[in-house]
Amino acid sequence: MFQTHTIITPEMLTTERMQTIRDAFNSDRSQMTLMLAQKLNIPEVEIIRSLEGDIAHELDFVRWEEIIGAFETLGNVHVIVSNGATTIEAFGQFGNFTNTDGFLNIRTKSLDMHIRSWELASVFAFSKPSHLDRHESLSFQFFDRRGNAAFKVFLNFGGKDPDLQLIHTYRDLIKKFIKNQ
């Protein structure tokens, strides 16, 4: 499988564990956090949490549905959904929301998602150089109760750095939904 020289052990103090994770990420800030989590044998959310205040900002999870609703104004975004065996990527716009029996449904011409609310546990704003071309990517990432990515919404996805207006919109959403505000 994957090889790494970084080892995370249960005996590590929280601060030591977080620093080890940050160091592993900082060795190549464009690497996919999913792959780093696999290498370190930890939940992906632990990587994002370790980068809190730098390039990750935990948002107020209680407002998860409102956060998703705010994506409608962004126009087309890149959505990535992964599970243990498959990753699927879609490009489309959020909207036409309904909530039925705990499912938040998004049904537009370009996106058809059904989010199981009971599985979600946290949400972060996260920015880093893309693994594709190292251009800065801006995203909102939702994690399940096990710490695995439920889905990720990228405001931009490779090709070029985000323009100033997109950066302002991203920062405004972070300010609006930041945890403990």
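Before you click anything, a word on pairing: two strands count as paired if DSSP finds at least two bridges between them. Helices (H or I, at least four residues) and strands (E, at least two) are DSSP runs, numbered from the N terminus. You're looking at a predicted model, where local features need pLDDT of at least 70 and side-chain atom pairs count only at pLDDT 80 or more, while totals for chains, interfaces and linings use all residues. Residues are numbered from 1 along each chain as its sequence is written, and side-chain values use heavy atoms, with hydrogens and water left out.

Select residues 120–129 and 136–144. These are strands β7 and β8, which run antiparallel and are joined by nine bridges. Pick out Lys 128 and look across to β8: its bridge partner there is Ser 137. Six residues sit between the two strands of this hairpin, and Arg 134 takes a positive phi near 70°.

Is β8 mostly covered or mostly open? Covered: eight of its nine residues are buried, where buried means under 20% relative accessible area, exposed over 50% and partly exposed in between (1.4 Å probe, protein chains only).

Find Phe 140 and you'll see Val 153 of β9 opposite. β8 and β9 make a hairpin too, with four residues between them, and Gly 147 in the turn has a positive phi of about 90°.

**Stop two: a three-stranded sheet**

Next, show β4, β5 and β6. They form an open sheet in the order β4-β5-β6, with antiparallel pairing. β4 (97–100) and β6 (112–116) stand at the edges with a single partner strand each, so one side of each has no neighbour in the sheet. From one strand to the next, the twist averages 20°; angles run from 0 to 180 degrees between N-to-C directions, and axes are lines fitted to C-alpha atoms, for helices over the stretch in contact.

Zoom in on β5 (residues 103–107), which runs antiparallel to β6 and is joined to it by five bridges. Ile 106 stands opposite Met 113 in β6.

**Stop three: two helices packing**

Select residues 14–26 and 33–40. Helices α1 and α2 (residues 33–40) pack at about 130°, with their axes 11 Å apart. They are therefore oblique to each other: under 35 degrees counts as roughly parallel, over 145 as roughly antiparallel, 65 to 115 as roughly perpendicular and the rest as oblique.

Which residues make the contact? Show Ile 21, Ala 24 and Phe 25 on α1, then Thr 33, Leu 36 and Leu 40 on α2; contact means heavy atoms within 4.5 Å.

While you're on α1 (residues 14–26), click Thr 20. Thr 20 is buried, at 17% relative accessible area. Not counting residues up to four places away in sequence, Thr 20 touches Thr 6, Ile 7, Ile 8 and Met 12.

**Last stop: Ile 48**

Finish in helix α3 (residues 44–50), where you'll find Ile 48. Its relative accessibility is 0%, so Ile 48 counts as buried. Show what surrounds Ile 48: leaving aside neighbours within four places in sequence, the contacts are Thr 33, Ala 56, Phe 124, Phe 126, Gln 141 and Phe 143. Try the distance tool on Thr 33: the C-alpha atoms of Ile 48 and Thr 33 are separated by 7.8 Å, with the two residues 15 apart along the chain.
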